[in-house]
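Keep the viewer open while reading.

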Amino acid sequence: MQKERPMPTSCSITLIVPAFNEEKNLRPAIMILLDKLKERLIEDYEVLIFNDGSTDFTGDVAECLAKGNNKIKVFHHSRNLNLGYVLYRGIRTASKEYVGIFPAHNQTAPESLDHIFSALGRADVLAAYIANPEARPWKRRIISRINTILLNLLFNLKLKYYHFCFYRTSLAKQVPISTNSYAAMPEITVWLLKSGASCIQIPFMLKKGQPRKSKALRPKNLISIFKTLIGLFWKIVVLGERISIQ
């Protein structure tokens, strides 16, 4: 039986790719991404690779990828500015209808992109959640779970995960991102949902293999995330601030 050909999507997308010392993983990750874009018949896209202060050959790999595809753009940071800044700069640069992060670590299972791309146009926020949490180290799972429970309690939400979302670009550009930390994406998500943006949740899978040590668990980052949540609670819950959703 012939495999059913996916219907083309009318939505365009910007993929922000943060890359810090990912010389071995960046090329295979981007090739999987490009293959899935082609398979889903998404022709209107751009890939923004941010070489975020890498000390290896990540920047050279990124430039080689860009030479072979004029829809790939590369930005170099002389020092590591962290995920939040990359997300902020990527959203400000984005020119397509949807925007989101695609990790350079090559741990996202390719089939997960099918779920994300097929959901384009269905909501303002596409919130992906990890469908196989056992693929992550137990410590990371516990902290992630606590973080999700805390966000849901503080802001009366019911998301399964806050750290892998895609947004309508016009709405994401309105959010006053206040942090360079890993809390930047939860900050955007909370602002949009509490302001009335529509949302659907989508499963994604991590590849099985050697788990990576995450910078998100460093004490400095955890403190920054905590401070961001306090500020966000004050603005949204106490002061009742919102952004315009049209």
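The model is predicted.

**Helix 1 and helix 2**

Helix 1 spans residues 26-39 and helix 2 spans residues 58-67. Their axes lie 10 Å apart and meet at an angle of about 30°. Angles under 35 degrees count as roughly parallel, so helix 1 is roughly parallel to helix 2. The crossing of helix 1 past helix 2 is right-handed. On the helix 1 side, L26, R27, I30 and M31 make the contact. Helix 2 answers with T58, V61, A62, C64 and L65. By class, the residues of this contact are 7 nonpolar, 1 polar and 1 charged. C64, listed in that contact, is partly exposed at 44% relative accessibility.

**Helix 3 and helix 7**

The second pair joins helix 3 (residues 82-93) to helix 7 (residues 184-194). Here the axes are 8 Å apart, and the packing angle is about 50°. That angle makes helix 3 oblique to helix 7. G84, L87 and I91 come from helix 3. They meet A184, M185 and I188 of helix 7. The residues of the contact divide into 5 nonpolar, 1 polar and no charged.

Why is helix 7 described as largely enclosed by the rest of the structure? The reason is burial: 10 of its 11 residues are buried, so the rest of the structure largely encloses helix 7. The buried set of helix 7 is A184, M185, P186, E187, I188, T189, V190, W191, L192 and L193. After helix 7 comes G196, with a positive phi near 105°.

**Helix 4 and its cover**

Helix 4 runs over residues 110-118. Which of its residues are buried? They are S112, L113, D114, I116 and F117.

P103 sits in the loop between strand 4 (98-101) and helix 4. At 18% relative accessibility, P103 is buried; the cut-off is under 20%. Leaving out residues up to four places away in sequence, P103 touches A29, T108 and F164. The A29 contact spans the sequence: P103 and A29 are 74 residues apart, yet their C-alpha atoms are 7.9 Å apart.

Most residues other than glycine have a negative phi. L41 is not a glycine, yet its phi is positive, at about 60°. L41 is placed in the loop between helix 1 and strand 2 (45-52). N82 also has a positive phi, near 85°, and is a residue other than glycine. N82 belongs to helix 3.

**Single-residue accessibility**

The table gathers accessibility for residues discussed in this report.

| Residue | Relative accessibility | Class |
|---|---|---|
| C11 | 8% | buried |
| L41 | 21% | partly exposed |
| N82 | 16% | buried |
| S181 | 3% | buried |
| F233 | 29% | partly exposed |

S181 lies in the loop between helix 6 (169-172) and helix 7. Beyond residues up to four places away in sequence, S181 touches N82, G84, S224, I225 and T228. One of these partners, N82, is the positive-phi residue of the previous section. Another partner, G84, also takes part in the contact of helix 3 with helix 7.

F233 lies in helix 8 (residues 219-238). Its contacts, apart from neighbours within four places in sequence, are L154, F155 and V238. F233 and L151 are 82 residues apart along the chain, with 9.5 Å between their C-alpha atoms.

**Cysteines**

How many disulfides does the structure hold? The count is 0. A disulfide is a covalent bond between the sulfur atoms of two cysteines. The cut-off for the pair is within 2.5 Å. For C11, the closest cysteine sulfur is that of C199, 16 Å away, which is too far for a bond. C11 is buried, with a relative accessibility of 8%.

How values were computed: Residues numbered from 1 in each chain as written. Predicted model: local features only at pLDDT ≥ 70, side-chain atom pairs only at ≥ 80, totals over all residues. Heavy atoms only, no water. Axes fitted to C-alpha atoms, helices over the stretch in contact; angles between N-to-C directions. Helix = DSSP H or I, 4+ residues; strand = E, 2+ residues; numbered from the N terminus. Parallel < 35°, antiparallel > 145°, perpendicular 65-115°, else oblique. Left-handed = near helix turned anticlockwise from the far one by under 90°. Contact = heavy atoms within 4.5 Å. Nonpolar A, V, L, I, M, F, W, Y, C, P; charged D, E, K, R; others polar. Buried < 20%, exposed > 50% of the residue type's maximum accessible area, 1.4 Å probe, protein only.
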